[in-house]
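Student: Hi! I'm new to this one and would like to get to know it. Can we look at it together?

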Amino acid sequence: MIAFFFVIIYLGPLVLMIIVMCVQIKCFHEIITIGYNVYHSYDLPWFRTLSWYFLLCVNYFFYGETVTDYFFTLVQREEPLRILSKYHRFISFTLYLTGFCMFVLSLVKKHYRLQFYMFGWTHVTLLIVVTQSHLVIHNLFEGMIWFIVPISCVICNDIMAYMFGFFFGRTPLIKLSPKKTWEGFIGGFFATVVFGLLLSYVMSGYRCFVCPVEYNNDTNSFTVDCEPSDLFRLQEYVIPGVIQSIIGWKIVRMYPFQIHSIALSTFASLIGPFGGFFASGFKRAFKIKDFANTIPGHGGIMDRFDCQYLMATFVNVYIASFIRGPNPSKLIQQFLTLRPDQQLHIFNTLKSHLTDKGMLTAAAEDE
């Protein structure tokens, strides 16, 4: 699996997006199948069809939003895409409403409660799987480093917690997972933080990892070439006096992203495992060992991604809260789609604002 992970990274962002989509569909299938088995709902009219229909609707909404956001120029250039983009949310709502009406029409006597159970099951599954898969794609567009480092930290924590628990584990951590120990939990935390720092240092030096994934309209392909931001430039940091006395260093050169990697690896180690505990509780509630038998010895796809989805949500929130700022290129793209009189109004407003700030001289204004 680790070798496969390296292969898909080498193949680039487009393949990664396709893999994320395939994983999402498989995870949805595994959880929905459990619902069918638990509630013995195979004979419910239309329900298998409706479950997949709702998956299609939700994906259409989320990926339509992504296409409009990240491929704005391409969308505006093609007339059919421009129309779909303009009415995207209305179309999405209409599709969902159609499925809702189909569900109401499918209600039959003696199965009302069971049908509503499965309706709720489908929607919770969509919330957990599809929404968070969409956030993985958003993280990938910010730069492959925001995709690879968090995923690798979760994998590292899973492996190192097992190793520390196997050799040193004595104290049970949580009843939901009797084999998990405090020794493994703490050892995995420190190992993951160190791993995150080292991996971030290596990856921060490569533009293909740190540059945002953008769509090139001229070549009709994804590009990951840019001038790295300050986040990925080596900086000198003064080490606190207490730590200086221990390691003997006064100054250390590191990438600012490495500091952020500490937050990512800490979440992957301390909070991420609760995604696994949640999955364990879910399986125990329905008396099943694995979500499926897709991967021999590892259970289903969902067994491998229970922590990853929680991690993806945190990364997306972290980027929005502490990293991402206004994007000038997207503002310019939207500006160019306005009518000439609207563009002129914005231009005059901006010119007046810059003149008041002293950033635009009167002579330059006259020219």
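**Looking around the model**

Student: Let's start with I148. Leaving aside its neighbours within four places in sequence, what is I148 in contact with?
Tutor: Beyond those close neighbours, I148 is in contact with F5, I9, M203 and F209. Contact here means heavy atoms within 4.5 Å.

Student: Where do the numbers come from?
Tutor: This is a predicted model, with residues numbered from 1 along each chain as its sequence is written. Local features need pLDDT of at least 70 and side-chain atom pairs pLDDT 80 or more, while totals for chains, interfaces and linings use all residues, and side-chain values use heavy atoms, without hydrogens and water.

Student: OK, back to I148. Which residues touch the most other members of the largest nonpolar core?
Tutor: I148 is one of them, along with M144, I145, W146, F147, V149 and F257, in a core of 41 residues. A nonpolar core is a set of buried Ala, Val, Leu, Ile, Met, Phe, Trp, Tyr and Cys residues joined through side-chain atoms within 4.5 Å. Buried means under 20% relative accessible area, exposed over 50%, and partly exposed in between (1.4 Å probe, protein chains only).

Student: And which helix gives the most to this core?
Tutor: That's helix 8, with 9 residues. Helices (H or I, at least four residues) and strands (E, at least two) are DSSP runs, numbered from the N terminus. There is also another core that lies apart, with 28 residues, including V23, V58, I295 and I301.

Student: How much of residues 143-169 is helix?
Tutor: That span is 93% helix and 0% strand, and its end C-alpha atoms lie 37 Å apart. For residues 46-63 you'll find 94% helix, again with 0% strand, and 26 Å between the end C-alpha atoms.

Student: Nice. New topic: is V213 buried or exposed?
Tutor: V213 counts as buried because its relative accessibility is 2%. You can find V213 in the loop between helix 10 (207-210) and strand 3 (214-216).

Student: Let's talk about charges. How many salt bridges does the structure hold?
Tutor: It holds 10. A salt bridge is a side-chain nitrogen of Lys or Arg within 4 Å of a carboxyl oxygen of Asp or Glu. Side chains of opposite charge can pair when their charged atoms come close.

Student: What does D225 form a salt bridge with?
Tutor: Its partner is R207, and the closest N and O atoms are 3.6 Å apart. D225 lies in the loop between strand 4 (221-223) and strand 5 (235-238) and R207 in helix 10, so this pair ties together parts that are 18 residues apart in sequence. D225 counts as exposed, at 60% relative accessibility, whereas R207 is partly exposed at 39%.

Student: Which residues are linked with those two in a network of salt bridges?
Tutor: E227, D230 and R233 are linked with R207 and D225 in that network.

Student: What about E236, which residue does it pair with?
Tutor: E236 forms a salt bridge with R253, with 4.0 Å between the closest N and O atoms. Since E236 is in strand 5 and R253 in strand 6 (residues 251-254), the pair ties together parts 17 residues apart in sequence. E236 counts as exposed, with a relative accessibility of 55%.

Student: And where does D341 come in?
Tutor: The side chains of D341 and R339 meet in a salt bridge, at 3.2 Å from N to O. D341 is partly exposed, with a relative accessible area of 47%, and R339 is partly exposed at 48%.

Student: Let's zoom out. How many helices and strands are there in the protein?
Tutor: You'll find 17 helices and 6 strands. The C-alpha trace spans about 80 × 65 × 35 Å along its principal axes.

Student: What share of the residues count as buried?
Tutor: Of the 367 residues, 39% do.

Student: Last one: what share of the contacts with a separation of 6 or more comes from residues 24 or more positions apart?
Tutor: Those residues account for 68% of such contacts in the protein.
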